[in-house]
Amino acid sequence: MIETININWPSGAIDPTIHCPACGSMVLSPLEEEGPGCHHIQFIIDSESGEFNYITESFDEILKEFRKPDVEEFDEWDATESFLEEAESNTFYVMNLILPSNVSMEDDPVCLRIGYELFFTEDQEELYEELERRHDEEGLHDHSQN
């Protein structure tokens, strides 16, 4: 099973700006039309349409085994749901942003699901290099202990 976090967004609030938890890049903003701005994002899908707003080629390939083209009511949302329940990964993480319906309180909320692949080795090296550079600039890093 894939790690998932659910965020319930308050009714009436402006849609949030979403940033990548690994690199901090902006993923989604109500003011921006462009797609995600980082390599960690594997897909963005919403429950309302059941279709992908964004998907990488590599995740599209992974999802092939979870699709059921012969089942009429089985859409991309269902395939993604199957992936989350059946797949095992310690680097994949999903955020469900649950947005209340703007139509009426009785309508189901819309879930915006964002899938992240966290590349720990590369990301950590990048982060540590940046932290070391900043510490050197500020004179906080003592190389005499290395």
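How many of the eight residues of E6 are buried? The structure is a predicted model, in which local features need pLDDT of at least 70 and side-chain atom pairs count only at pLDDT 80 or more, whereas totals for chains, interfaces and linings use all residues. Residues are numbered from 1 along each chain as its sequence is written, and side-chain values use heavy atoms, with hydrogens and water left out.

Eight of the eight residues of strand E6 are buried (under 20% relative accessible area, with a 1.4 Å probe and protein chains only). Strands (E, at least two residues) and helices (H or I, at least four) are DSSP runs numbered from the N terminus. On one side of E6, Phe92, Val94, Asn96 and Ile98 are buried, as are Tyr93, Met95, Leu97 and Leu99 on the other. E6 pairs with strand E1 (residues 3-8) in the parallel sense over six bridges; pairing requires at least two DSSP bridges between two strands. Here threonine 4 stands opposite valine 94. With strand E7 (residues 110-117), E6 pairs in the antiparallel sense over eight bridges, and arginine 113 in E7 is the bridge partner of asparagine 96.

The largest nonpolar core has 16 residues, and Leu63 and Phe92 are among those with the most contacts inside it. Such a core is a set of buried Ala, Val, Leu, Ile, Met, Phe, Trp, Tyr and Cys residues joined through side-chain atoms within 4.5 Å. Strand E4 (41-46), helix H1 (57-63), H2 and E6 (92-99) each give two or more residues to this core. Its largest share, four residues, comes from H2.

Glutamate 76 lies in H2 (residues 76-86) and counts as buried because its relative accessibility is 19%. Its contacts (heavy atoms within 4.5 Å) include Phe52, Leu63 and Arg67.

Notes
Buried means under 20% relative accessible area, exposed over 50%, partly exposed in between (1.4 Å probe, protein chains only). Lists of a residue's contacts leave out its neighbours within four places in sequence.
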